[in-house]
Amino acid sequence: MHAWINRQSLLVDYTLSALARHAGRNLAILAVYSCLVFVLASTMLFSDALRRESRALLSHSPDVLIQKLSAGRHAFLTAADVERIGPLRGVSRIEGRRWGYFYDPAVRANYTLMAVASDPPARGSIRVGEGVARLSGLAKGNALALRSPEGPLHVFTIEGVFREESSLVSTDLVLMHPEDWIEFFQVASDLCTDAAVTVVNPAEVRNVARKVAERLPGSRVVLKEEILRTYDSLFDWREGLLLALASLLAASFAVLAWNKASGLAADERREIGILKAIGWDTRDVLTMKLWEGALVSGCAFGTGLLAAWIHVFHFRAPLVAPVLAGWSVLYPRFDLTPSLDPWMLLTLSFLTIFPYTLATLVPAWKAAITDPDAVMRGSE
Amino acid sequence: MILDKSVLALLLASGAGAAGTLAAAPHALAVLRRWDLSSGSASQLRLERMSTLVSTGMALLLLVQAPALLLFVAAADGMASHFVGAMCAIGSLKVNPFGFPALITQIAAFFGTLIWLVLNAVDGGCRDYPLTRAKHGVLVALIPLMAASFGLEIAYFSGLDASVITSCCGSLFSSDSSKVANDLASLPVRMAIPIYFVVLATAAAVAAVTAWRGRGGIWLGLAGVVAFPVGLAGIVSFLSLYVYEDPLHHCPFCFLKPEYGYRGYAFYGILFVATAAAVSAAALGLLSPRENASRDLQERVPRATRTLGLVALAGYLSTVAVSGWQVLASGLKLLGDA
């Protein structure tokens, strides 16, 4: 074992000096290879972070959401509808929620206006998300004027601005008193947008949803786990699509690596010829070439991954975010929690190191079987 | 089909494995027919040169199969969130009829490739390459396995339909489920625990003897072939209950999840490594020529058998220790006042 380790360390030592002798060419390959790892790793790190954020976020959402449909479109629930749903065994709470969208032409963005029943803002006051405050250039204590869909102008005092940490859910949010909400949208006081149901036992959520659907036929019952599944599928699909496209880059890179490894310079050929003439056998040369690939791969993998980490967690992934996270005028500013999944690293190595090593194997073997006599005479 | 990063990586690995073994087939057949190290003919020289490439390439392709198996299980577990009714890898694997066959083929490919890698390592260490024919024979046998593994993975991943309502591990091990799963789950704990520990301890004893003597790999292989299904059955019948501290939860996959500290990977890891070492020792014993063996081979085979015996011994002892600790440390008590 000791002899084997000693032999490998000598081979690595020789390989490093051989790489240094052709630094220019190897650095070019290293740069392209690192860029490839960077693109793939950025996509994976950002998608994983988004998935984690969405799960953390949705863990606080209601177990079941009930929306009434009319002619296939979302309609208001009445107080009578909410009464028909409850009481249900296993349900700890049913709450009718009032919320709606409002397009503010002044900033050309949509706000979500929501009435809060518990601890609401004072009449005529609102609490706004960080995005709303940023876009309208207002702060706590300022007045925000909104023209209601029915015509009259409503002026609200900003009572508070949500912190940036909650931006993912609150960026476009305007919280107001229920009476203000009813007045603003001119909606009857017994109507609500949807109903949120909290179920005590998570295993009973599907049974509760079935009973709700029976009591309120024609309504849409949305489960938290379905929303989670949809987000997971969405992020997976976007990530997979981007990775599939980037894999074409990986294939092109593999061809480039093959070409680079095939086109050995005359001095490299002579070097291998001399090595074989002084006693190296084909396996030694092949091992040395594989070490060369492993060292280049290791450096590129480390550099690309580190760059991707900085890109995603320090700069919020400007290069991949528009594709993976979508965009809007009122896009939330949020910090991603840094995390490195070992399965992601394994997948990344499968998609980068594995094809590169395979692509350089045949050229390495061709170099290794070079006849020393022919090389040194210059006929190869 | 679910476009997932793990799916792309797995298809790349198994596709390369299948293509690689298939591409090496003509060379492997030529070696089986014409390999003659004493000959200095041009065709023998070509075979020797190609043999270096094929051996290195195959070693690379086959080395990937072990992490690919891990990734396959992790991917199936991770995809459970996409399917209604799935709680772990079992739900994902049951989404279509190709899930479990893909997993089983991949496990077979894992053992097959490890046997090849052991033969290749011993062969490469001898100056007369005495196992070249044998390892190329194993390579030919691996071709349909690798192709089946790739084909089943494609069929499984392309047939993943998010609208399918699958079933969770609870239903697989319930009384109205498939016979094998239900039989395993309903094995009396008082009977399953002694069988499990006796069989694994016996396998460890055989491994110790093999490691000490440097021969008897075939016996170790036989012990490994018996201990592997007993180990898996033990996980389903009683070990899972102690891990989850729930007398009705028999799932062999849920304890791969982070909430159980990824304990499943440790359990399966040591059992798979021990089994792989045992069957590789058997293959080495069966495929090494006994007559006219070179001095290199006479030295290398006992040394490799000893190493494999030690690996198997460590694996079986760790399995016994970890399982025993799990039973004793668990909050669930199934054996009276024990």
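1. Basis of the note. In this predicted model, local features need pLDDT of at least 70 and side-chain atom pairs count only at pLDDT 80 or more, while totals for chains, interfaces and linings use all residues. Residues are numbered from 1 along each chain as its sequence is written, chains are lettered from A in the order in which they are written, and side-chain values use heavy atoms, with hydrogens and water left out.

2. Domains of chain A. Chain A is divided into domain 1 (2-58 + 230-377) and domain 2 (77-192); such bounds come from an automatic or database domain assignment. The C-alpha centres of domain 1 of chain A and domain 2 of chain A are 50 Å apart.

3. Domains of chain B. Here the division is into domain 1 (1-167) and domain 2 (169-338), and the C-alpha centres of domain 1 of chain B and domain 2 of chain B are separated by 23 Å. Contact (heavy atoms within 4.5 Å) joins 30 residues of domain 1 of chain B to 29 residues of domain 2 of chain B.

4. Interface between the domains of chain B. The buried area, meaning the accessible area (1.4 Å probe) that two parts lose on being put together, summed over both, is about 2300 Å² between domain 1 of chain B and domain 2 of chain B, and carbon and sulfur atoms give 77% of that area. On the side of domain 1 of chain B, Ile90(B), Phe111(B) and Val122(B) lose the most area to domain 2 of chain B, together 21% of what that side buries.

5. Two salt bridges (a side-chain nitrogen of Lys or Arg within 4 Å of a carboxyl oxygen of Asp or Glu) are counted between domain 1 of chain B and domain 2 of chain B. Asp296(B) forms a salt bridge with Arg127(B), in which the closest N and O atoms are 3.3 Å apart. On the side of domain 1 of chain B that touches domain 2 of chain B, helix 5 of chain B provides the largest share, eleven residues. Helices (H or I, at least four residues) and strands (E, at least two) are DSSP runs, numbered from the N terminus.

6. Interface between the chains. About 2900 Å² is buried between chain A and chain B, with 74% of the area given by carbon and sulfur atoms. The count of salt bridges between chain A and chain B is two. Asp48(A) forms a salt bridge with Lys5(B), with the closest N and O atoms 3.2 Å apart.

7. Nonpolar cores. A nonpolar core is a set of buried Ala, Val, Leu, Ile, Met, Phe, Trp, Tyr and Cys residues joined through side-chain atoms within 4.5 Å, where buried means under 20% relative accessible area, exposed over 50%, and partly exposed in between (1.4 Å probe, protein chains only). The largest core has 147 residues, and those with the most contacts inside it include Phe46(A), Leu348(A) and Trp116(B). Apart from it lies another core, of 22 residues, among them Val107(A), Ala115(A), Ile126(A) and Leu191(A).

8. Helix 6 of chain A. Six of the eight residues of helix 6 (residues 178-185) of chain A are buried, so this helix is largely enclosed by the rest of the structure. The buried residues include Trp181(A), Phe184(A) and Phe185(A). Among the elements that the buried residues of helix 6 of chain A pack against are strand 4 (91-104) and strand 5 (109-115) of chain A. Just after helix 6 of chain A, Gln186(A) takes a positive phi of about 55 degrees.

9. Positive phi in chain B. Glu245(B), although not a glycine, has a positive phi of about 55 degrees. This residue is found in the loop between helix 10 (217-244) and helix 11 (263-287) of chain B, and Glu245(B) counts as partly exposed because its relative accessibility is 46%. Tyr262(B) lies in the loop between helix 10 and helix 11 of chain B, and its phi is near 55 degrees, a positive value in a residue other than glycine.
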